[in-house]
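Hi everyone, thanks for coming. I'd like to walk you through a structure today, so please have a look at the screen.

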Amino acid sequence: MGVVRAFTAGDVVPSLVKHMTQEAINAFEGSSGRSGPSQFTDEETARHTLGTRGTVASGRMSLSFALELLRRYFGADLFNRGGMVDVRFLRPVRPGDTLTFTGHVTGVAQEANGTRVIVEVAATNEQGETTAIGTGHCLVPRGFLPPEEG
Amino acid sequence: MDTRKPLDWEKLAIGQTFEAWSYVLTQEMLDEYRKGVLDAEAPFPTIAHKVDVAAYNRAHKDAGSVNARCAFHCYNPPIPDKRITVHAWIADKYRRRGKTYIVTEAVSVDEDGRLLDRVITHELKQPWEVGKKWG
């Protein structure tokens, strides 16, 4: 069940840390039933297709992490049924990278059924380089807001 | 026999729809996805199926691509062992700094008619640019 609480521009979303491994990348790619080499699972294919020195992680893994960041912040009851994330991928993510996902509330907008909370998200690697940036939002129904905000 | 058409970016029509296709999402797929994203509660294994791009790749062949941007809308988490039907189309295409991109979009609906999610992906169609820039 979601928790009744207020949202204000500037609120900080608790960060999320992910350590990327080739094993995790392989599990992600294999979870759809795909098999065979790809730029994500095979170094030679990555070199041939991308020209990179090795495999990279699918941007959709970072997308999944950004969704997790906001799901934990808003609560699964709310976010899984109306949340969204839109992420741009700025640098490759490779096995061995440690990614930190952060976010903060940039706006709240009143709507007929509640308040839409807008969040900026970013991911940085262990070098402090930004690997992804984006936005997300979630509609928080009146019942999940303090009375004065509902 | 490979009947896919080579991509002709100039002729690719915005709004072109792909043939709807379906698959059964198994508990094993969900478990493996959760293992991959290191999240025991991750609710949308459909992300790893890359359904919008998969639909494109069923119709066209090209030199590969790189995901430049991706948006995901959550409506209802999928339920294991339900059949999911995917409807996908070309949402946009654009050229930026001399490079070409296509934007694919797809919605997934389960066998009970529940809308699950919507995904929109911007793909750079010159994948070797990644290695040139980042090595």
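A word on the source before we start. This is a predicted model, in which local features need pLDDT of at least 70, side-chain atom pairs count only at pLDDT 80 or more, and totals for chains, interfaces and linings use all residues. Residues are numbered from 1 along each chain as its sequence is written, while chains are lettered from A and ligands numbered from 1 in the order in which they are written.

Let's begin where the chains meet. Chain A gives 36 residues to the contact, and chain B gives 36 residues; two residues are in contact if their C-beta atoms, placed from the backbone, lie within 7 Å. On the chain A side, α1, α3, α4 (76-79) and β2 (84-89) each supply at least two residues. Helices here are DSSP runs of H or I with at least four residues, strands are runs of E with at least two, and both are numbered from the N terminus. Which element of chain A gives the largest share of that side? That is α3(A), with eight residues. By class, the chain A side has 15 nonpolar, 13 polar and eight charged residues. Ala, Val, Leu, Ile, Met, Phe, Trp, Tyr, Cys and Pro count as nonpolar, Asp, Glu, Lys and Arg as charged, and the others, Gly among them, as polar.

β2(A) and β4 of chain B (residues 66-74) run antiparallel and are joined by five bridges; strands pair if DSSP finds at least two bridges between them. In β4(B), B:Cys70 stands opposite A:Val87.

Next, the core. The largest nonpolar core holds 70 residues, and A:Ala66, A:Leu70, A:Val85 and B:Phe72 have the most contacts inside it. Such a core is a set of buried Ala, Val, Leu, Ile, Met, Phe, Trp, Tyr and Cys residues joined through C-beta atoms within 7 Å. Buried means 20 or more other C-beta atoms within 10 Å of a residue's own, exposed means 12 or fewer, and partly exposed is in between, with C-beta atoms placed from the backbone. Helix α3 of chain A (residues 59-74) brings the largest share of this core, nine residues. Among the residues that A:Leu70 touches are A:Phe79, A:Val85, A:Val119 and A:Cys138, leaving aside residues up to four places away in sequence.

Now the domains of chain A. The assignment, which is automatic or from a database, gives domain 1 (1-20 + 58-143) and domain 2 (21-56). Their C-alpha centres are 26 Å apart, and their contact takes eight residues from domain 1 and eleven residues from domain 2.

Over to helix α1 of chain B, residues 27-36. Its buried residues are B:Met29, B:Leu30, B:Glu32, B:Tyr33 and B:Gly36.

Last, some positive phi angles. Just after α1(B), B:Leu38 has a phi of about 55°. B:Lys50, with phi near 50°, is buried, with 22 other C-beta atoms within 10 Å. B:Arg97 has a phi of about 50°, but is exposed, with 5 C-beta neighbours inside 10 Å.
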